[in-house]
Amino acid sequence: MTARRLKRLLKGPAARLIELRWRWSSRQAGLALCYHRVSDPGGDPARDLVPALDTKGFEAHVRYLKRRWRPVLASELLEAARARRRGERFPVAITFDDDLASHVDGAMPVLERHGAPATFFLCGASLERPFGFWWERLQRAWDSGTVDKGMLRTLGAEDGDSEPATIDRVSAAIQELPPDRRRALAEELATHAGPDPPDSGIRAPDVGRLVAADFEIGFHTLHHDALTGLDDAALAAAMVEGREELERAAGAPIAAISYPYGKVDRRVAEAARAAQYRWGFTSSGEAVGPNSDPLMLGRHDPGVGTVGDLALALARRLRDGRVS
C-alpha cells in the first residue's frame, strides 16, 4: 500500500476521533459549507476556475453529513449552534453560491433523496433569460483557445518577461478590476466565448421549484461585485438591487446574504444590517459560535474532495474554531 493511499484511508478515522472528542464536550458550535457546481462529469481543479463536484461525490457528502452532523438551513445555523448540548450532533448548513442550472438538475435531486435542507444564495441575474458570469465566459473562451493575447497583456497577466498566463492569474486580475471595467470585459469575453448557453443561470420558475421543495433562498447580489471595494453609495445599492425581483420569484422575503468572493469587512457587514439582512456569510471557514456576528458567519468550501477530505476538514474546523 502506498503512503498516499494509507494517508487517504486514515483521514476518516482521524476525523472521527476529533469529532468524538468535541461531540462529548459542551462546545456550542456549527459549520456552514459553500458548494457551487454539482454535475457530471466532475471538474478538474488544475484547469477549472469553479470545478464541478460530481453527483456521486456530492451524494457521498450528503450521506455523511446526514449521518454524523445535523443539517439545518443557513438561517437556523446560529441558533442551532447556541442550542447545541453535550453529546448532540453539531449543526451544519449546506449552502450554494451563484446561479447555476446544476443547483436544480444536479444538487436538488440528491438533497431531496436524503431529506437534507439547504440554502441557495442566488444573484437573480438570469431569472428571465440565459446569463453567464464573467468567470464562466472566461472558462469557455480559455478552453476554446480564443482568449485574446492583447487582453492578457492589458490585464497584466502576461508580458514578455513573465511566465505564460494561467487561467487563475487572469481570473485574479479580473477580480481586481473596477466593477464597470469588469462588466465591459465580460462583454468582450462573450465575443470570444460565444453566446451564453441556453441553460446558463437559473430561471424564475426554477427558483419556485427550489422553494416548493422547502429549500431556502438567499441573496448573492445582482452583479457579484467584491463589496469591500465599493464606495458607500454603490455598496448600499448592491445590497438591494435585484433583491425584490428575486423575492418575487421566491415568493418570500430574503433575510440572508452571502458576500461575493466571500469578501466582507465591518463596513460591508453594517451595510447588510442596514439593508435588513439578518444573516451574512463569508468565506472565512471559521466555525460559528454563540458570539459570532450574525452578519459575518464563516463557511468552508469542500471543493471536489472526498468524504474523508470533508470529514477531516470539518473536524479540524471544530478543533481550531475560535468559539466559546
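**Exercise 1. Determine how strand β4 is paired with strand β5 and which residue of β5 is the bridge partner of F120.**

Solution. Strand β4 and strand β5 (residues 216-219) run parallel and are joined by four bridges. Two strands count as paired if DSSP finds at least two bridges between them. Helices (H or I, at least four residues) and strands (E, at least two) are DSSP runs, numbered from the N terminus. Within this pairing, F120 has I217 of β5 as its bridge partner.

The model is predicted: local features require pLDDT of at least 70, side-chain atom pairs count only at pLDDT 80 or more, and totals for chains, interfaces and linings use all residues. Residues are numbered from 1 along each chain as its sequence is written, and side-chain values use heavy atoms, with hydrogens and water left out.

**Exercise 2. Describe the link between β3 and β4, and state which way the residues of β4 point.**

Solution. Step one concerns the pairing: strand β3 (residues 91-97) runs parallel to β4, and three bridges join them. D97 stands opposite F121 in β4. Buried means under 20% relative accessible area, exposed over 50%, and partly exposed in between (1.4 Å probe, protein chains only).

**Exercise 3. Characterise the largest cavity by its volume and its lining.**

Solution. A cavity is a set of points on a 1 Å grid over the protein atoms alone where a 1.4 Å probe fits but cannot get out; lining residues have an atom within 4 Å of a point. Grid points are joined across faces, edges and corners, and a volume is the space filled by probe spheres set on the points. The structure holds one cavity of 30 Å³ or more, and the largest cavity contains about 40 Å³ of space. Its lining consists of R37, V50, D98, D99, L100, F133, W135 and E136. By class, four of these residues are nonpolar, none polar and four charged. Ala, Val, Leu, Ile, Met, Phe, Trp, Tyr, Cys and Pro count as nonpolar, Asp, Glu, Lys and Arg as charged, and the others, Gly among them, as polar.

**Exercise 4. For the salt bridges D196 to R140 and R209 to D206, give the distance of each, then the setting of its residues.**

Solution. A salt bridge is a side-chain nitrogen of Lys or Arg within 4 Å of a carboxyl oxygen of Asp or Glu; the whole structure has 19. The side chains of D196 and R140 meet at 3.4 Å, N to O. This pair links distant parts of the chain, 56 residues apart: D196 lies in the loop between α8 (179-193) and α9 (204-212), and R140 in helix α5 (residues 134-144). D196 is buried at 17% relative accessible area, whereas R140 is partly exposed at 23%.

R209 is partly exposed at 43% relative accessible area, and D206 is partly exposed at 22%.

Key. On a 1 Å grid over the protein atoms alone, a cavity is a set of points where a 1.4 Å probe fits but cannot get out, and a pocket is an open set with protein on both sides within 12 Å along at least five of seven lines; lining residues have an atom within 4 Å of a point.
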